Amino acid sequence: MYKFVTRLSALFLIIYSPIIMAQEKITQTAGRSQLGGFAPKFAELNDDVLFGEVWNRPGLSPRDRSMITLSTLVGKGIVDSSLTHHLQFAKSNGVTREEISEMLTHIAFYAGWPNAWGLFGWLKTYGPIVRVMTPRLRFNVR
């Protein structure tokens, strides 16, 4: 009987896990609000395609997408408002300070030491500002 219940439970999880793990749909309006009058098509693609479709695809969780996005931004040396947004977004998707720190250390060996160094410096300078905007995200870089 125990084996039957165990197998039945496993089958239930396999069948219903997509339903159980359903995520809230990600929406974005920053493109239209910030660039809608200047570059309306770009703003539309940002809000509707990138955030409306790509971020909502079922293949990766929002948390995984956040980690990949942060890795890509750091790897490209992008340290601007998009990084601030994606750090906040990563926090809301469950990425911890410890994971971001470990990710940066790992990325340094593949994307370039200066890029990781630059982001650690950025966090050291702007971490207090990010903390005010996202109180639960802590960057204690000394």
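**View 1. Overview of the predicted model.** Of the 142 residues in the protein, 28% are buried, where buried means under 20% relative accessible area, exposed over 50%, and partly exposed in between (1.4 Å probe, protein chains only). This is a predicted model, in which local features need pLDDT of at least 70 and side-chain atom pairs count only at pLDDT 80 or more, while totals for chains, interfaces and linings use all residues. Residues are numbered from 1 along each chain as its sequence is written, and side-chain values use heavy atoms, with hydrogens and water left out. The protein has 7 helices and 0 strands, these elements being DSSP runs numbered from the N terminus (helices: H or I, at least four residues; strands: E, at least two). Read from the N terminus on, the order of elements is α-α-α-α-α-α-α. Among contacts in the protein with a separation of 6 or more, 53% come from residues 24 or more positions apart; contact here means heavy atoms within 4.5 Å.

**View 2. The largest nonpolar core.** This core has 15 residues, of which Leu70, Leu83, Leu87, Ile100 and Leu119 touch the most other members. Two or more residues are given to this core by each of helix 4 (62-75), helix 5 (81-92), helix 6 (97-111) and helix 7 (113-133). A nonpolar core is a set of buried Ala, Val, Leu, Ile, Met, Phe, Trp, Tyr and Cys residues joined through side-chain atoms within 4.5 Å.

**View 3. The packing of helix 4 and helix 5.** The two helices pack at an angle of about 155 degrees, and their axes are 9 Å apart. Helix 4 is therefore roughly antiparallel to helix 5, since angles over 145 degrees count as roughly antiparallel, under 35 as roughly parallel, 65 to 115 as roughly perpendicular and the rest as oblique. Axes are lines fitted to C-alpha atoms, for helices over the stretch in contact, and angles run from 0 to 180 degrees between N-to-C directions. Ser66, Thr69, Leu70 and Leu73 of helix 4 make the contact with Ser82, Leu83, His86, Leu87, Phe89 and Ala90 of helix 5. By class, the residues of this contact comprise 6 nonpolar, 4 polar and no charged. Ala, Val, Leu, Ile, Met, Phe, Trp, Tyr, Cys and Pro count as nonpolar, Asp, Glu, Lys and Arg as charged, and the others, Gly among them, as polar.

**View 4. The surroundings of His86.** His86 is located in helix 5. With a relative accessible area of 11%, His86 is buried. Residues up to four places away in sequence not being counted, His86 touches Phe51, Trp55, Thr69, Leu70 and Leu73.

**View 5. Asn93 in a loop.** Asn93 is placed in the loop between helix 5 and helix 6. Its relative accessibility is 19%, so Asn93 counts as buried. Neighbours within four places in sequence aside, Asn93 is in contact with Trp55, Pro62, Arg63 and Ser66.

View 6. Glu44 belongs to helix 3 (residues 40-51) and, at 31% relative accessibility, counts as partly exposed. Not counting residues up to four places away in sequence, Glu44 touches Arg32 and Val49. From C-alpha to C-alpha, Glu44 and Thr29 are 8.8 Å apart in space, and they are 15 residues apart in sequence. Ser33 lies in helix 2 (residues 30-35) and counts as exposed at 59% relative accessibility. A separation of 8.2 Å is found between the C-alpha atoms of Ser33 and Ala43, which are 10 residues apart along the chain.
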